[in-house]
Structures are given as C-alpha cells and as structure tokens.
Amino acid sequence: MTSPQHAPAATGFTARLKQALVGDPAARFVYLNNFEVERVWGRGEPALPGTGLSFSAATVGRIEEVGVLLADEHDVVVLKEPVDGEYAAYLAGLGAAAGTHLAVDRNEPERSVTLDALDSPRLLERLRALADGRTYLMPLGTSADEERLAEAAGLPLAGPGAETSKHVNGKVFSRELVDAAGLTAVPGAVCRTVDELAAALAEHLVEDGPKVVVKESLGVSGRGMVVLDGPTRGERLLRMVERRARADRRLPVVVERWIDKEADLNYQFLVGRDGQVAFETVKTALTENGVHRGHLFPPALRPDQVDALHAAAEVIGKELHAEGYAGLAGVDALLAADGTLYPCLEINARFNMATYQNRLAERLLGGGTTTALATTFDLRPHRPHTFAEVRAALGDLLLTDPDPHPRGVLVNNFATLNAALNAGATSYGRLYAICAGADERDVRLLRAQAQTRLEEMAGRP
Amino acid sequence: MTGTDGATTGALQDALAEVLNKDLPDLTPTTRLFGDLGLDSTSVIELLMALEDRLGLVIDPDELTPEAFETVGALTGYLDACRPGHEPAR
C-alpha cells in the first residue's frame, strides 16, 4: 500500500458520502467503526444513576466488524481483530467487502477500537504510510480520541471535529432544534438542572397518565434513559438524582411523554460541506424498551409520510450545517398509533447500524425491491464456533451468491458470536444478519428458521 | 442463601418482580439477571431505585461494575456490603 491507487469515481452510497465530506467521490477512506462513541462524548457530563455501566462490552466492541461492508476496493478498515478467514471468503463470494483490513496490534476487548489503534505502533506506521492527500480517517463518530488518532496516523478527519460532533449529538440539541423549527414534537421538555427535571416530571408524569421517558442528553444509544410509569417512580428517580446532584445541580436531560406507536422509523441523509442535504434511506427501526433490535426495509409508509420525512431532513440538515456539521446523519422518528408522524425524536450525527447496510443493500438487495430484515441472533454458545459451523447450521438458508431476487440470510457480523467467549466472559454470543425475502412475512419466517438452526448449533458441546 | 441474609434476597426478589413486571421463580445465588430473568440494561436504573427504597440504602453506581449484575449472588453480596454496619459475608 505504499503506492496507493485511487479508483475512478465510483457510484453509490460511499461515493456520495465521500463527495459530501471531501468533495472527491474517489477519495480513500480509512473506516474506523468506533461504536459507542457516545460514551466518550458523555464523559464528565452529569448522568442518570447507573447508566455508566457497560454490559457485554466485549461483544459490543466487536460490532465494529460491520465496517468491512462499507469499504470500496481502495478503502481501508481498521479492526480490533483480523476477519475470520472463512467469513472473509464468504463476504468475498458475495462481493460484499472489498477493502483492505488492518488490525490493531493488540485487541483489548473492553477498550474501544480507537484506543486500541492509538496503542498500536505497527498499525500507526501503516496508517501514516497511506497519507497521500486523498486519504481520510472516517470514524463512525468523532470524539477527542478519534482526533488524537487522526493526528497520530497523519491522516485528516473526513468529517468535523469532536466539539461540533458532541454538540450536535446531544438530545438537548435535537429537542431544541425540533422546537425552533416547528417540527411536530412529542410533548415534553428540555431540562438542564435537577430542578427543571422535577418541574418537567410534575407537569408530564401524572397519575393514570402516559408514561414518561427521561433521556440523558449524551447517553449511550438505548441505555442512558429510564421509563417512568407513574408519579411514584418519578419521585423515586428525583430522590436518587438529588442524592447525587452536583453543586451546580446541572443535569442535561430530555423528558418526553410516551407515545403509543405504529412504528419506529430511522432515516438517513447526507449533509455536504456546501450545505446540500441529500436523503438516503428510511427504514422501520425495531426496538424493545428503546433498545435497538434491528431494521425492516422498505418501510410501510405512504408517499406523503415519506415526503414529510424528506422535508424534515432538509430542515434538520440545514441546521446541522449551520452548526458546522457535515456527513451522515441518522434521525429517529416515530409514527404514532393515532397516525401522527413525529419526524425527529433524536438526531445521531454519526453512522449507525443502518449506515453499514447502505452499500450492501444497493449491491445485493435489489435496490429496494427486496424486503430485508436486519436482525440479531442472541445465542448461548458453550464454546467458540467457526464460520464453517454457522454456514453448515444455516445450510440452504444462508445467502451465498449475488442474486437479483435474493432470498436467504446474509451474515453481516460474525465477530460478535465469539467475542465474549474469547474474552473469557459468559456464554453469550450474537450474530448479526440480514434476512432477505419477498415480503415481511417471508423474512420473519426466515428469521425464525435461522434462529432455530443457530440455537441447535450453539447447544452442541 | 449462603453469604447473605434472607432480607436482601427477598428485597431483590420483590424489586426484580416490580421492575420486570412479572412473577419470578425463586431466586438462587446462581440465577443470572440478564440471561435467566430477562433484565436489560435500560431496567438497571429502575432496579437500583427499587432496591434503594426497599433496603433503605444508597447505592453508588460509580462503584458498581457489570459483574455485580451477573448473578443474584453477586448482587446480594454487593448490596450487603453497602449496608452500614453489616458484617461482610465470609
């Protein structure tokens, strides 16, 4: 890689991403898939009690393997471990992962890929050798850690710096943007102090009324939040928060009434350095208690609902640009049971799981004509399993060849199956996959069949 | 239950039933909170709140580690250590 070759201008999602960020669709990106960057953004910020706990850190730390799915031929992906050989061959057969993979010198399972990379002299040397004026570090999201890595690697960041990224990823920022822009907002309030939280709960959490969710402004996705089902639990939370209140009583949170939903939605758009906003995708987000469980796409939305999301993306994208942000943004929206569309519950001005499906979906999932269910299989393996075992277990369900009308299960992260076991933790493993089929019923059937087969595999001694 | 008193385990049983909103089997020290009972990370704050109220103690979440939530035995051991004047289990 001492004489880098840049591909001719490609088309598709990654070319649009590069054009938006660095004005060069054939630039080389070094993808760094630092999941849970929110943890770094939230460091030192007042938090709700208990949200700093990190469960299954070894597994979460290896979600980063999905980064290989974004790379074009001349791109590079930094990984905590090399991709398993059989799994790499599988992805190659699908044409799903084209770039060069560079592993950190030593994977510390509890540490972010960025901190691993900073502690990797050999890797840093290889990254420095890539610098050619057209090569950029492309993290999932940028904190001070990624700024340090960009400097140590001698590569410019493709996107904005840590300060801007942290600011626009706050839920307080999202909520204030929604209010200022006049987008339909869930009833609720922005709170900056313990006293404002008390006032907001008094107003919104009433006996026999709807539940209320309290979200830390910079909480980790799906974790820095608590759902309160009545005033008694509200009072309990306030007591707990009071005991720990800082001298300045600061506590940036958002309080929102619980809305019964028809569907959670997630849409993505690109914000160019020039302020242009380009809509990418909208998907149904599958969540349980606010925790991400997957995506279903295309979503069952009417054209006018899709138009409303496009309009919201324009408004939000312009505001993000005004704050100095450029790059990919994902927004969580909600279609309520009563038909109301709330176009922005929170902005994630970074990559998310849906982003890592973009290149794959364009190439392998029929450009929207196939129904796809991006999902996880939570398993209890007693020992590490090879990809050959997964392949054998899934058998004819495994999607193995590009097909204009694909039907089957495409494994899009293998490392998380063995990460916890390899780190000496409990018998827990997770596989990420995309089930592709004719319609929602079909993909849910595929998922159920695959779950049964994978559980049989994990149960074998 | 070895190494802790029945009050802690009883309080944990009640707190978990409240937070998870379901009847639970009798807990044993090896029962896994996440794997066996279906606790998830978003319920942890609620569980801590319920335990503080029931046991009249203050839990410092900054001192908590994920290991304290692995099993019933690990969590009751941690809670007993939080109680003022409580003789640590031997």
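Arg350(A) forms a salt bridge with Glu38(A), with 3.4 Å between the closest N and O atoms. A salt bridge here is a side-chain nitrogen of Lys or Arg within 4 Å of a carboxyl oxygen of Asp or Glu. Arg350(A) lies in the loop between strand S13 (341–348) and helix H13 (358–364) of chain A, and Glu38(A) in helix H2 (residues 37–41) of chain A, so the pair ties together parts that are 312 residues apart in sequence. Helices (H or I, at least four residues) and strands (E, at least two) are DSSP runs, numbered from the N terminus. Arg350(A) is buried, at 6% relative accessible area. Glu38(A) is buried too, at 7%. Buried means under 20% relative accessible area, exposed over 50%, and partly exposed in between (1.4 Å probe, protein chains only).

This is a predicted model: local features need pLDDT of at least 70, side-chain atom pairs count only at pLDDT 80 or more, and totals for chains, interfaces and linings use all residues. Residues are numbered from 1 along each chain as its sequence is written, chains are lettered from A and ligands numbered from 1 in the order in which they are written, and side-chain values use heavy atoms, with hydrogens and water left out.

Over all chains, a search of the whole structure finds 43 salt bridges. Another of them joins the side chains of Arg249(A) and Asp195(A), at 2.9 Å from N to O. This pair also links distant parts of the chain. Arg249(A) sits in the loop between H11 and S8 of chain A, Asp195(A) in helix H10 of chain A, and 54 residues separate them. Arg249(A) is partly exposed at 24% relative accessibility. Asp195(A) is partly exposed as well, at 43%. Asp304(A) and Arg302(A) form a further salt bridge, their closest N and O atoms being 2.9 Å apart. Asp304(A) is partly exposed, with a relative accessible area of 42%. For Arg302(A) the value is 48%, which again counts as partly exposed.

Now turn to Thr14(A). This residue belongs to helix H1 (residues 13–22) of chain A. Is Thr14(A) buried or exposed? At 1% relative accessibility, Thr14(A) counts as buried. Beyond its neighbours within four places in sequence, Thr14(A) is in contact (heavy atoms within 4.5 Å) with Tyr31(A), Leu70(A), Asp72(A) and Arg359(A). With Asp72(A), the side chain of Thr14(A) makes a polar contact of 2.7 Å. A polar contact is a pair of N or O atoms within 3.5 Å; within protein, one must be able to donate a hydrogen and the other to accept it, and residues adjacent in sequence count only if both atoms are side-chain atoms. Pro25(A) is eleven residues from Thr14(A) in sequence, and their C-alpha atoms are 7.7 Å apart.

Next comes helix H11 of chain A. It has 14 residues (231–244), which at 1.5 Å a residue should span 20 Å, and its end C-alpha atoms are 20 Å apart, in agreement. The expected span is 1.5 Å times one less than the number of residues. Among the buried residues of H11(A) are Arg233(A), Arg236(A), Leu237(A) and Met240(A). What covers the buried residues of H11(A) includes helix H10 (194–204) and strand S8 (250–257) of chain A, together with helix H1 (6–20) and helix H2 (44–55) of chain B.

That brings in the second chain. Chain B has three helices and zero strands. Its elements run α-α-α from the N terminus on. Of its 90 residues, 47% count as buried.

How do the chains meet? 25 residues of chain A are in contact with 27 residues of chain B. The two chains bury about 2,200 Å² between them, 57% of it on carbon and sulfur atoms. In chain A, Leu53(A), Phe55(A) and Arg236(A) lose the most area to chain B, together 28% of what that side buries. Buried area is the accessible area (1.4 Å probe) that two parts lose on being put together, summed over both.

The rule finds seven salt bridges across this interface. One of them joins the side chains of Asp53(B) and Arg239(A), at 2.8 Å from N to O. S7 and H11 of chain A are the elements that give two or more residues to the side of chain A that touches chain B. H11(A) gives the most, with seven residues.
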